[in-house]
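Hi everyone, thanks for coming. Please bring up the sequence and the model on your screens, and we will walk through them together.

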Amino acid sequence: MIASNRPGRRLTRVQLLREIGLSPHWQLRESATAVGAKPVVTARPEVALSHSGGVDEVAPAHTPVLADGRAEEIAGMGWEQLRESVATCRACALCQERRQAVLGVGDVTADWLFIGEGPGAEEDARGEPFVGPAGKLLDAMLAAIDLQRGKDVYIANAVKCRPPGNRTPEPAEIASCAPYLKRQIALIQPRLIVLLGRAAAHALLGDVGSLASLRGQSFAYPAPAGSAYGIPVVVTYHPAYLLRTLPDKAKAWEDLCRARTLMRAAKTAAAESASQPATRPT
């Protein structure tokens, strides 16, 4: 987590905004341009994501059907089985140079799910996602919207092993890890998913455009069992990119504000649904 500037003291909001590279006049606010704040009802489970307007649909990222039934086997795993399977996975070439696979970290019943690209050198060494400079920035971004790593937040990656030289994961590598990511989402059942970077967007949305074209659009992951609403999905920049491209931090802040608006709407919709009396069969 972000260290206080003095022992025993937490950073103020102004200090947090400075930490992520924004001047103090930025304030957390409801996004006036947020599209489809109410979570989307996904009519067909075979359609992975749909625009909130209900007009255009985006096909799910392709998950290969393997002869050995690997995807089906992973779909039935619990957390302990999933950890063991990821640790020993040799489904793609990324396993050859890894120190260890990195499944994810955080609250396994979290409302918030953040998905990045893949482990870097420090993550590969420590076995936890986002622990380097990009992780410090992500922690500051979370704190700026009153979130904290491990508390109602789970952090995962599109691929579980470090790509050589910290390069962007290739489509085939993302596809090999897709059953793991899909199972993590099914087990966590988050209220909202934030995709950090283009590889994460590719993993969940497929190759549907540039990151800039996906920002600000409203998508919904298929509704978990027992829910009438899909899971809102927000696309934003990866913290490592923001460290290299400081002007886009303001855009990422807008995305975080919008994500918080969608989370509030998701919780309101869930509360309203829970308060309605059950319909008796006639």
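I'll go from the sheet to one of its strands, then to the helices, and finish with a single residue. Keep in mind that this is a predicted model.

Six strands form an open sheet, and their order across it is 3-5-4-6-8-7, with mixed pairing. Which strands stand at the edges? They are strand 3 and strand 7, residues 219-221, and each has a single partner strand, so one side of each is left without a neighbour in the sheet. On average, neighbouring strands here are turned by 25° against each other, ignoring direction.

Now please find strand 5, residues 153-157.

Is strand 5 buried or exposed? Five of its five residues are buried, so strand 5 is largely enclosed by the rest of the structure. You can check this face by face: V153, I155 and N157 are buried on one side, and Y154 and A156 are buried on the other.

Moving along the sheet, strand 6, residues 192-196, pairs with strand 8, residues 231-236, in the parallel sense over four bridges. Within this pair, L196 stands opposite T236 in strand 8. Helix 10, residues 249-275, packs on the sheet and touches strand 4, strand 6 and strand 8. The direction of helix 10 makes about 175° with that of strand 8.

Next, the helices. Helix 6 covers residues 171-188, and helix 7 covers residues 198-205. Their axes come within 9 Å and cross at roughly 70°. That makes helix 6 roughly perpendicular to helix 7. The crossing is right-handed. Which residues meet there? From helix 6 we have P171, I174, L181 and I185, and from helix 7 we have A199, H202, A203 and L204. By class, this contact has seven nonpolar residues, one polar and no charged ones.

Helix 6 also packs with helix 3, residues 79-87, at an angle of about 160°, with the axes 11 Å apart. Helix 3 and helix 6 are therefore roughly antiparallel to each other, and their crossing is left-handed. Here W79, L82, S85 and V86 of helix 3 meet Y180, R183, Q184, L187 and I188 of helix 6. Sorted by class, the contact of helix 3 with helix 6 has six nonpolar, two polar and one charged residues.

Last stop: D111. Where is D111 placed? Look in the loop between strand 3 and strand 4. The cut-off for buried is under 20% relative accessible area. D111 has 14% relative accessibility, so D111 counts as buried. What is D111 in contact with, leaving aside its neighbours within four places in sequence? The contacts are D152, P190, R191, L192, M263 and K267.

That's my tour, and I'm happy to take questions.

Note on methods:
Residues numbered from 1 in each chain as written. Predicted model: local features only at pLDDT ≥ 70, side-chain atom pairs only at ≥ 80, totals over all residues. Heavy atoms only, no water. Buried < 20%, exposed > 50% of the residue type's maximum accessible area, 1.4 Å probe, protein only. Helix = DSSP H or I, 4+ residues; strand = E, 2+ residues; numbered from the N terminus. Axes fitted to C-alpha atoms, helices over the stretch in contact; angles between N-to-C directions. Parallel < 35°, antiparallel > 145°, perpendicular 65-115°, else oblique. Left-handed = near helix turned anticlockwise from the far one by under 90°. Contact = heavy atoms within 4.5 Å. Nonpolar A, V, L, I, M, F, W, Y, C, P; charged D, E, K, R; others polar. Pairing = 2+ DSSP bridges.
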